[in-house]
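Hello,

Here is the structure you asked about.

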Amino acid sequence: MANYFNTLPLREKLNQLGVCDFMDSAEFLDGVSALKGKKLVVVGCGAQGLNQGLNLRDSGLDVSYTLRKEAIEGKRDSWKNATENNFKVGTYEELIPTADVVINLTPDKQHTAVVNAVMPLMKEGATLLYSHGFNIVEEGMQIRKDLTVIMVAPKCPGSEVRAEYVRGFGVPTLIAVHPENDPQGKGLAQAKAYCVGTGGHRAGVLKSSFVAEVKSDLMGEQTILCGLLQTGSILSFDKMVEKGIDAGYASKLVQYGVEVITEALKQGGITAMMDRLSNIAKIKAFEISEELKDIMRPLFQKHQDDIMSGEFSRIMMEDWANGDKNLLAWRAETGETAFEKTPAGDVKIGEQEYFDNYLLMVAFVRAGVELAFETMVQAGIKPESAYYESLHETPLIANTIARKKLFEMNRVISDTAEYGCYLFDQACKPLLGDFMKKVDTDIVGKNFNAGKDGAVDNRQLIEVNEAIRSHEVEQIGATLRKAMTAMKAIKTA
Ligand SMILES: NC(=O)C1=CN([C@@H]2O[C@H](COP(=O)(O)OP(=O)(O)OC[C@H]3O[C@@H](n4cnc5c(N)ncnc54)[C@H](OP(=O)(O)O)[C@@H]3O)[C@@H](O)[C@H]2O)C=CC1
Ligand SMILES: CC(=O)[C@](C)(O)C(=O)O
Ligand SMILES: [Mg+2]
Ligand SMILES: [Mg+2]
């Protein structure tokens, strides 16, 4: 098999990268009817598998799980996830032959093996559904020509796919039909119905392509969503402890701070997040984030370039072939960091204090969201897709860090995202070495406003406000958030 994207002429590469139509809610008035009464069989019951299945069943669809034999016989977590939630569970031979839609929610590294195992059992004219385009695009998996191949990709960690649905909302979702596999022309109707079943239509849906989804998803997860939140959390904690701040306080500020700070981002973009700062703090955070953007821009561009060329996939698949050597080493190294090993202190931190005492994270978030957005758009990804993949998903990832630190984030995200997160973190920490040497507790750990009279140069403040508000991510974000009428504020720490 060869990388499907690399087989395309440049014209077609740009065409498929550029597929991105925001779907009006009127396109979902048929609800789940295209899948009503159909047998939906999910392969795998992990982060996405369990949570999508719970939403689909609550939306009135017939969902069961097929697991590999060793998972059933060994009563593994996936078997427990499915049975404890009263889903029917069966082997491939028992459930695949009568399935109308087979949903492949196994780890990307297993997709070729899993699809080769289930495809021969799939009935004529059935549908194969993915939540990420890696197997089709990066590996070039060839699917039987009578089968329909679609994608419904939540731009969100599995746990929050369920949490937002239960709140009566949903998560932004990309849907796509693989152009090589839509023999009956039913792919789009089924993808839309599945998307309604997961609740995605309540947050915003883009009609995308397998290519556009995978090239943006890999970029978002490696940089702002996981990589930079990991690097920023570890460096912030270490700096505070180095400067004598109580470790329990530092741990709590970092663990919960990113959720509090990015909740403002989710509700009102970078503008609302920065507006939570005093004027003098906003100017300081703006200046720091401008410096961070200059330092990290080449690294963000390298990640996007390696994703576009297939180089990232090549090195990750080398690690798969090498028994996940790097993934497991970097996972262990992360677990050994002082931040991960220091419990959050039993100390009260007020909501505003998370902003006033943690300008550094505000600066990391603005720099990372803008850089990821800019780099994706420069690479041919459309602004709507870049918005969901950079700004909107950041608070959803932050929710996982607030729950159980980086351990929880790296557990819930896909192995592909986890590998990409570590790859970025391994490069970004040294890249920020000189920058961090200059950082003191005024921007991380202590109230930046303490002892200052708050005087600002009005012209400078006006310029800073204009620079923040006029960024394209703020323009497209305001439009897309208007469609999120059911968005609920979450109760933060
Ligand atoms: N995690 C996330 O938040 C997101 C993930 N995605 C995509 O969703 C898909 C699933 O990812 P995710 O939910 O993270 O996966 P998880 O690692 O959470 O779960 C994988 C599931 O597959 C099973 N599994 C593992 N290996 C095999 C195998 N060889 N054969 C059959 N079953 C296997 C596991 O059960 P057991 O080992 O017990 O058999 C487990 O139930 C991926 O394509 C990912 O890119 C998309 C958006 C977000
Ligand atoms: C949660 C999500 O969207 C990721 C980061 O892309 C993933 O887990 O693969
Ligand atoms: Mg993603
Ligand atoms: Mg991903």
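Ligand 1 first. In this predicted model, 30 residues surround ligand 1. The closest are Gly-44, Gly-46, Gln-48, Ser-78 and His-132.

Several elements build that shell. Helices H2 (47-58), H4 (77-84), H6 (111-118) and H19 (415-431) each supply at least two residues, and so does strand S7 (148-154). H2 gives the most, with three residues. By class, the shell around ligand 1 holds 13 nonpolar, 12 polar and five charged residues. Both domain 1 (21-207) and domain 2 (212-482) contribute, with at least three residues from each.

Next, the annotation. An unreviewed UniProt entry lists Asp-217, Glu-389 and Glu-393 under "binding site". These three span 177 residues in sequence, yet no two of their C-alpha atoms are more than 10.6 Å apart, so they gather at one spot.

I looked at two of them in detail.

- Asp-217 sits in helix H10 (residues 210-242). Is Asp-217 buried or exposed? Asp-217 is buried, because 27 other C-beta atoms lie within 10 Å and the cut-off for buried is 20 or more. Leaving out residues up to four places away in sequence, Asp-217 touches His-132, Ala-153 and Glu-389.
- Glu-393 lies in helix H18 (residues 383-412). Glu-393 is buried too, with 27 other C-beta atoms within 10 Å. With the neighbours up to four places away in sequence again left out, Glu-393 touches Lys-155, Cys-156, Gly-220, Leu-225 and Tyr-388.

Now ligand 2. Which residues are around ligand 2? They are Lys-155, Cys-156, Pro-157, Asp-217, Glu-221, Leu-225, Cys-226, Ile-413, Ser-414, Thr-416 and Ala-417.

H10 and H19 are the elements that give two or more residues to the shell around ligand 2. H10 gives the most, with four. The classes here are six nonpolar, two polar and three charged residues. Domain 1 (21-207) and domain 2 (212-482) each provide at least three residues of the shell around ligand 2.

One point links the two sites. H19 supplies at least two residues to the shell around ligand 1, and two or more to the shell around ligand 2.

Best wishes

Terms used
Residues are numbered from 1 along each chain as its sequence is written. Chains are lettered from A and ligands numbered from 1 in the order in which they are written. This is a predicted model: local features need pLDDT of at least 70, side-chain atom pairs count only at pLDDT 80 or more; totals for chains, interfaces and linings use all residues. A residue is near a molecule or strand if its C-beta atom, placed from the backbone, lies within 6 Å of it. Ala, Val, Leu, Ile, Met, Phe, Trp, Tyr, Cys and Pro count as nonpolar, Asp, Glu, Lys and Arg as charged, and the others, Gly among them, as polar. Domain bounds come from an automatic or database domain assignment. UniProt positions are given in the numbering used here, feature names are shortened, and annotations may be inferred rather than shown by experiment. A residue is buried if 20 or more other C-beta atoms lie within 10 Å of its own, exposed if 12 or fewer, and partly exposed in between; C-beta atoms are placed from the backbone. Two residues are in contact if their C-beta atoms, placed from the backbone, lie within 7 Å.
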